[in-house]
Amino acid sequence: MKKDINASQQKVFQWVVATALSLFILSPLHAQRETRTINDSWKFLKGECTAASDSAFNDKEWSDIHLPHTWNTDSYTEKDYYRGTGWYRRQITLPQNWKEKQIFLRLDAASKAATIYINGKNIGEHTGGYTACTFNITSFLTPNKPNTLAIRVDNARMDIPPISGDFTFFGGIYRDVWLTAVPAQHFNLTNHGSDGIFISTPQVSEEQATISIRGEIKNDAPVKTALELIHSIYKPDGTLLQTLKKPLQLKPGETYAFHNETSPILHPQLWTPETPNLYRVETTLRDKKTKAVLDQSNHHTGFRWFRFDGKSGFFLNGKPYKLHGICRHQDQKPIGVALTDEMHRRDMKLMKEMGANFIRISHYPQDDAILEMCDKLGMLAWEEIPIIDIVPETSGYGDNCERNLREMIRQHYNHPSIITWGYMNEILLVTQRTYKTEAELKPAIERTLALAGRLEKVLKEEDTTRVSTMAFHGSNSYNQTGISKVTDIVGWNLYQGWYGGDLTGFEKFLEEQHRDYPTHPMIVSEYGAGSDKRLHSLTPRAFDFSIEYQQKYLEHYLPVIEETPYICGGTHWNFIDFGSALRDESMPRINNKGLVYADRTPKDVYYYYQAAWRKDIPVLHIASRDWTYRTGIQKGNAPVLLPVKIYSNLPEVELFIDGKSLGKKRVENYTVTFEVPFSSKEPFLFAQGDYQMKAFCAQENFQGTSVQDGLGVHFTPIPAQLDARNLKDMELAINVGSKCFFTSDESGLTWLPDQPYTAGSWGYIGGKEQDTKAEIHNTADGPLFQTLRNDLEGYRFDVPKGVYEIELLFTDIFRQNATAAYLLDRNGQQENRENAFSISINGKVLEESISPCKESGYFHALRKKYYITNEQEYIDLRFQATSGTCFLNGIKLRKYTN
Ligand code: GCB
Ligand code: CA
């Protein structure tokens with residue numbers, strides 16, 4: 001309904017609008033803080049170029065880039081990725097209204113060290129690739145003309161952590177760069193890269209809470225000024241709750257420290273991962289007379305308290321609370337670490353949707369976008385600095401560690417999500433490998449203890465509201481050396497059933513630790529197994545990189561963590577498949593222990609966690625999206641039975657194939673597996689489960705009573721008995737020496753697991769399985785060549801007469817290669833020898849003496865095709881060593897003529 005406005009009403013209305021407008025226009029917007037990114041229009045040169053600091057330098061030939069940027073996308077292809085210097089240049093022209101302002105330059109991250117020049121003058125250096133730095137650049141700038149900003153970045157420095165570790169040390173300015181302008185009176189913006197305001201909750205309970213706000217105000221003007229400092233606290237719904245006002249007098253050049261506390265806030269809305277209630281703290285600096293706003297900062301805070309207990313685990317707001325965590329690295333193949341904020345936020349949403357309530361921000365401080373999302377989505381956090389594997393003697397290293405620790409704490413202090421700070425990861429791992437004798441080891445341990453002690457002191461100086469932590473590898477040496485006594489809580493990175501031992505070694509280790517150190521609060525700070533979508537197994541085993549072993553491993557670990565009361569929680573290693581240039585394995589340059597692939601597509605195992613952790617929605621996922629190209633050996637016309645797994649949090653699930661029900665089965669450990677008869681070429685799987693609404697009451701709008709999932713699969717049967725009819729159009733490809741199916745993502749062909757020869761069928765004769773984790777060159781199908789059958793006598797196919805194409809795959813893996821540092825407890829089984837062998841086929845010589853390492857080199861793929869006319873009812877290959885051993889890595893048979 002529209003009413004006419006009478007004249008007087010109209011007048012009032014006009015006045016209100018005019019006043020509002022004039023307030024908007026006249027309010028001295030430019031008097032406040034202005035902040036903007038300068039990510040565009042940069043010039044970049046990979047390499048050293050000291051002349052580039054000069055403003056007259058001509059950078060025309062350099063590349064045009066924008067930030068975020070890294071020069072290390074090479075690390076996804078080269079082990080020896082570029083470690084050195086890179087230069088960035090850009091012009092800055094200041095807006096007119098910045099003339100009287102104090103101007104600050106902030107680099108959110110430049111790895112590892114940055115030296116900054118303005119108009120040819122060195123304005124300072126920052127050491128540390130994962131924390132921000134801020135400089136007051138006012139006195140270096142000239143108004144009304146372009147100023148030259150040149151930044152030299154270096155990712156080769158060995159006096160800055162990390163110096164060792166299983167991840168790529170990407171170089172570049174890979175986060176935002178900001179310019180900020182403030183009036184002469186402002187908060188201290190050069191406090192270790194923080195914005196100079198520190199908020200905590202000194203008192204907090206269900207009944208009442210208070211907020212403390214600390215900070216510094218600077219008067220950069222040559223005159224004294226009268227100011228007002230105002231803190232306004234807003235409730236999560238945005239309503240104003242409290243205002244504190246303080247008049248101040250600042251002398252010219254004075255820095256004034258304040259520390260204020262609110263009056264009690266009654267019945268605060270607590271912050272938890274399930275209810276991430278955030279209160280807003282707005283801190284304003286005003287001119288006392290004109291009331292003009294000079295500077296303002298906005299932060300969120302949350303009311304929560306917590307406790308880690310050696311006997312009964314973690315407590316949030318007084319209640320037992322299991323930490324359902326993951327660790328997160330920050331890169332994304334192929335773009336490296338130059339991620340946009342929305343990419344970081346996407347990761348946080350994916351983790352939250354999975355049901356996680358805790359993140360170990362590993363192994364270094366990450367983008368502010370991550371911390372913001374921890375607060376807003378509700379995710380408790382552990383953040384750490386990257387001191388990994390060993391403490392070097394390098395001078396300056398300890399100082400850089402200390403500085404990075406202070407920076408991390410000050411920059412992220414205000415985030416209520418953070419509960420613990422960490423500063424060392426597996427610090428004795430490489431230490432013990434490097435220093436073999438007692439005499440060498442002793443000073444290294446002393447150095448490590450001294451640095452730990454120093455950092456612990458700094459941590460407590462900086463923050464008394466959180467606890468300190470470290471992550472250890474599964475060795476008692478941390479207890480024996482006293483390192484485990486330094487921090488408040490301890491994290492164990494445990495890989496029993498992966499790098500060595502068996503799965504049950506995991507719970508045994510935890511039990512022993514708890515028995516010997518019952519007061520140590522413990523987190524399982526890492527556990528994980530690698531997986532490669534191309535590899536699948538019906539008999540998964542450690543280090544085969546099959547999707548199925550990763551599932552098996554996690555299905556063992558998670559219930560132990562969940563059901564052991566003294567374990568505070570776990571942080572799965574790692575959320576993503578991340579870049580680690582030194583790594584070989586099935587996907588060189590990638591550590592593939594992720595729950596999501598590098599492009600963030602969830603692996604099936606993501607849904608195992610979701611089923612276990614989400615209580616508010618029904619979860620039902622056919623865990624075969626990673627395995628939709630299925631093959632199996634078919635006897636006659638009988639359907640082939642293949643397992644199909646489902647992850648669900650429902651009590652029971654029914655599965656259908658092509659509309660036929662296979663019945664209902666009970667779900668245990670969020671898992672149920674059906675033996676499914678496959679016969680059609682493109683079967684459709686359909687799963688369904690019933691649930692009761694009240695079980696998922698948190699999701700009010702969830703109306704259904706049953707939930708479904710469907711999946712189309714491709715199925716190629718492989719006849720057990722080969723005859724002329726079924727051999728037509730078939731490529732019989734076998735992954736010799738392996739129990740895994742391997743599907744090449746280049747050709748789409750699936751190579752079958754190997755089998756011993758039986759009459760009427762096909763398979764190997766004699767020999768034993770052997771494998772390597774080393775990279776295989778010359779191929780994208782590495783895993784196929786990493787497994788072989790050694791000392792093999794023969795390979796036989798019972799097939800009819802005709803012309804065949806036969807292809808043999810070889811890679812000589814019998815050369816000692818260095819064992820990478822991350823291979824805990826694993827010794828290379830290789831030895832040096834020259835291998836050559838003869839091959840005959842149906843009694844005729846095929847190769848007199850073939851030496852794969854001579855033909856293509858050790859660890860290089862060699863493929864050889866032959867056409868043969870088979871006059872028998874079989875093809876029988878025989879191998880005979882002429883030197884060393886004989887082996888075969890793969891074999892493929894194709895009938896050429898009808
Ligand atoms: C660890 C390290 C981590 C590695 C991980 C692995 O214990 O802390 O940096 O990436 O193991 O995958 O081996
Ligand atoms: Ca093989």
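A polar contact here is a pair of N or O atoms within 3.5 Å. Keep that cut-off in mind for the ligand. And one caution before we start: this is a predicted model.

Let's take ligand 1. Asn-425 puts a polar side-chain atom 2.8 Å from an oxygen atom of ligand 1. That pair falls within the 3.5 Å cut-off. Next, Tyr-499. A polar atom of the Tyr-499 side chain sits 2.3 Å from a ligand oxygen. Then Glu-526. From an N or O atom in the Glu-526 side chain to an oxygen atom of ligand 1, the distance is 2.6 Å.

How much of the accessible area of ligand 1 does the protein cover? On its own, ligand 1 has 320 Å² of accessible area, and the protein covers 97% of that.

Now the shell. There are 13 residues around ligand 1. Those that come nearest are Asp-166, Glu-426, Tyr-499, Glu-526 and Lys-593. By class, the shell splits into five charged, four polar and four nonpolar residues.

On to helix packing. Helix α8 covers residues 505-516, and helix α9 covers residues 547-563. Their axes lie 10 Å apart, at an angle of about 25 degrees. Angles under 35 degrees count as roughly parallel, so α8 is roughly parallel to α9.

Which residues meet there? From α8, Phe-506, Glu-507 and Leu-510. From α9, His-556, Tyr-557, Val-560 and Ile-561. That contact has five nonpolar residues, one polar and one charged.

Last topic: backbone geometry. As background, most peptide bonds are trans, and most residues other than glycine have a negative phi. Here are some exceptions to check on screen.

Pro-161 and Pro-162 are joined by a cis peptide bond, with omega about 0 degrees. Pro-162 is in the loop between β10 (147-154) and β11 (172-173).

Lys-333 to Pro-334 is also a cis peptide bond, with omega near 5 degrees. Look for Pro-334 in the loop between β25 (323-328) and α2 (341-354).

Finally, Tyr-670. Its phi is positive, near 60 degrees. Tyr-670 lies in the loop between β40 (660-666) and β41 (671-678).

Terms used. Residues are numbered from 1 along each chain as its sequence is written. Chains are lettered from A and ligands numbered from 1 in the order in which they are written. This is a predicted model: local features need pLDDT of at least 70, side-chain atom pairs count only at pLDDT 80 or more; totals for chains, interfaces and linings use all residues. Side-chain values use heavy atoms; hydrogens and water are left out. A residue is near a molecule or strand if one of its heavy atoms lies within 4 Å of it. A polar contact is a pair of N or O atoms within 3.5 Å; within protein, one must be able to donate a hydrogen and the other to accept it, and residues adjacent in sequence count only if both atoms are side-chain atoms. Accessible areas come from the Shrake-Rupley method with a 1.4 Å probe; for residues, only the protein chains shown count as cover. Ala, Val, Leu, Ile, Met, Phe, Trp, Tyr, Cys and Pro count as nonpolar, Asp, Glu, Lys and Arg as charged, and the others, Gly among them, as polar. Axes are lines fitted to C-alpha atoms, for helices over the stretch in contact, and angles run from 0 to 180 degrees between N-to-C directions. Helices (H or I, at least four residues) and strands (E, at least two) are DSSP runs, numbered from the N terminus. Angles under 35 degrees count as roughly parallel, over 145 as roughly antiparallel, 65 to 115 as roughly perpendicular and the rest as oblique. Contact means heavy atoms within 4.5 Å.
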